[in-house]
Amino acid sequence: MSTLPACPKCNSEYAYEDGALLICPECAHEWSQESEPEISEDVVLDANGNALTDGDTVSVIKDLKVKGTSSVVKVGTKVKNIRLVDGDHDIDCKIDGIGAMKLKSQFVKKV
C-alpha cells in the first residue's frame, strides 16, 4: 500500500488523490505528486490578480465605510506608498483626509 505525502501547505496527513493531483481536505491545497513541494512566499494580490509590493500605488475599487465614523473612502481614491503586513487587512496606508488605515487587498487594484 502506497502512502501519500503530507500537505506541503498545512502538513495535514489526510491528503487524497484525484486524478493526477493530490488534494488536502483541510486547507483545499492542490499539488502534483510528481513536482516537489513548492516553498512559496506569501504574495499579496490585488482584485485583478496583480502582485503588490511595498511602496506601490493602488486605487480603491469599491466604496468603503470607515469603521467608527461616518466617513467613506470613495471608489477611485488613489493610495500611495502602501505597506504590506500580515493579517486579514493586509495593507497599511495613509489616505488623505482620513488618515492611517488598514485595507484588504481584494478591494484595491494596482495603478
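A residue counts as buried under 20% relative accessible area, as exposed over 50%, and as partly exposed in between. In this predicted model, lysine 104 has a relative accessibility of 25%, so it counts as partly exposed. The side chain of lysine 104 meets that of aspartate 88 in a salt bridge, with an N to O distance of 3.4 Å. Aspartate 88 lies in the loop between strands S8 and S9 and lysine 104 in the loop between S10 and S11, so this pair ties together parts that are 16 residues apart in sequence. Aspartate 88 counts as exposed because its relative accessibility is 55%.

The whole structure holds 4 salt bridges. In one of them, arginine 83 and aspartate 92 meet at 3.3 Å, N to O. Aspartate 92 counts as buried, at 15% relative accessibility. Lysine 102 also forms a salt bridge with aspartate 92, the closest N and O atoms being 3.7 Å apart. Lysine 102 lies in strand S10 and aspartate 92 in strand S9, so parts 10 residues apart in sequence are tied together. Through shared partners, Arg83, Asp92 and Lys102 are joined into one network.

Lys102 and Lys104 are among the residues that line the second largest pocket. This pocket has a volume of about 180 Å³. Its lining consists of 5 nonpolar, 1 polar and 4 charged residues, and strand S10 supplies the largest share, 3 residues.

Elsewhere in the model, 3 strands form an open antiparallel sheet in the order S7-S4-S11. Strands S7 and S11 are the edge strands, each pairing on one side only. S4 and S11 pair over 3 bridges, and serine 59 stands opposite lysine 109 in S11.

Technical notes:
Residues numbered from 1 in each chain as written. Predicted model: local features only at pLDDT ≥ 70, side-chain atom pairs only at ≥ 80, totals over all residues. Heavy atoms only, no water. 1 Å grid on protein atoms, 1.4 Å probe; cavity = no way out; pocket = protein on both sides within 12 Å on 5 of 7 lines; lining within 4 Å. Points joined across faces, edges and corners; volume = space filled by probe spheres on them. Helix = DSSP H or I, 4+ residues; strand = E, 2+ residues; numbered from the N terminus. Nonpolar A, V, L, I, M, F, W, Y, C, P; charged D, E, K, R; others polar. Pairing = 2+ DSSP bridges. Buried < 20%, exposed > 50% of the residue type's maximum accessible area, 1.4 Å probe, protein only.
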